[in-house]
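Student: Could we go through this structure together, with each term set against its cut-off before anything is concluded?

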Amino acid sequence: MYNLFQRVVALIAVITLSPIFLVIAIAIKLESKGPVLFKQERIGKDNHHFQIYKFRSMYTETPNVPTHLLADPKAFITKVGGILRKTSLDELPQLWNIVKGDMMFVGPRPALYNQDDLKQLRTEHNVHQLVPGVTGWAQINGRDELEIPEKVKFDAEYLHQWSPWLDLKIMILTVVKVFKTDGVVEGKQEVSK
């Protein structure tokens, strides 16, 4: 029932925020050629793969490697993309992932399809049983700055301490962190768009 509730809320949010989606889409198209949305294979519940959606924040000519492996990641990020990443607005299309049931508002951030070390550790700690989230306990306790073992430690804490009240706390703290841009390391853990 809780998952269904989140999916309904996400659908309402998609409809309500559609004017913002449109403005962002126009801004992306005006600045650079290519699709508005960026799709990427991620690891979901029970280690099943799914396509995550984001607003494209990089030029289409960017090499398809993890962003932190690029010589100068900022050179590949569009001006609009920089704003979207800093404000986390590039994550808005993940509301559609929630509607589809691939994700929830709160849960462990879905690993990249090739993050075998993170996948293995999460499986060892039963975290793979959780539906991934747009935000999570690890996100508000360090975000991109966390090393994988520390991230999994927070994911496991979330698994064992879960409650709707913890989800609410995480969502409130996420809004605070986004406004302060705490713990954001440009391009870490994302494949170029």
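Tutor: Let us begin with Ile 12, which has its place in helix α1, residues 2–16, where helices (H or I, at least four residues) and strands (E, at least two) are DSSP runs numbered from the N terminus. The model is a predicted one, in which local features need pLDDT of at least 70 and side-chain atom pairs count only at pLDDT 80 or more, while totals for chains, interfaces and linings use all residues. Residues are numbered from 1 along each chain as its sequence is written, and side-chain values use heavy atoms, with hydrogens and water left out.

Student: Why is Ile 12 called partly exposed?

Tutor: Buried means under 20% relative accessible area and exposed means over 50%, with partly exposed in between (1.4 Å probe, protein chains only). The relative accessible area of Ile 12 is 49%, so Ile 12 is partly exposed.

Student: What makes the nonpolar surface patch of about 460 Å²?

Tutor: The patch is made by Met 1, Leu 4, Val 8 and Ile 12. Patches consist of residues with over 30% relative accessible area and no salt bridge, like charges being joined within 9 Å and nonpolar side chains (Val, Leu, Ile, Met, Phe, Trp, Tyr) within 5 Å; the areas come from the Shrake-Rupley method with a 1.4 Å probe, only the protein chains shown counting as cover for residues.

Student: Which residues of helix α3 are buried, and how do you know whether they line one face?

Tutor: In α3, residues 79–87, the buried residues are Val 80, Gly 81, Leu 84 and Arg 85. Seen down the helix axis, they fall within an arc of 130 degrees, so they line one face of α3; the arc is that of the directions from the axis to the C-beta atoms. Lys 79, Ile 83 and Lys 86 are the exposed residues on the face turned away from that buried side. The cover over the buried residues includes α2 (18–31) and β2 (49–55), contact being heavy atoms within 4.5 Å.

Student: Why is the pair of Lys 54 and Glu 91 called a salt bridge?

Tutor: A salt bridge is a side-chain nitrogen of Lys or Arg within 4 Å of a carboxyl oxygen of Asp or Glu, and the side chains of Lys 54 and Glu 91 meet at 3.6 Å, N to O. This pair links distant parts of the chain, with Lys 54 in strand β2 and Glu 91 in the loop between α3 and α4 (94–100), 37 residues apart.

Student: How do you know whether Lys 54 and Glu 91 are buried or exposed?

Tutor: Lys 54 has a relative accessibility of 1% and therefore counts as buried, and Glu 91, with a relative accessible area of 18%, is buried.

Student: What else does Glu 91 form a salt bridge with?

Tutor: Glu 91 forms one with Arg 109, the closest N and O atoms being 3.4 Å apart. Glu 91 lies in the loop between α3 and α4 and Arg 109 in the loop between β3 (104–106) and β4 (111–112), so the pair ties together parts that are 18 residues apart in sequence. Arg 109, at 14% relative accessibility, counts as buried. Through shared partners, salt bridges join Lys 54, Glu 91 and Arg 109 into one network.
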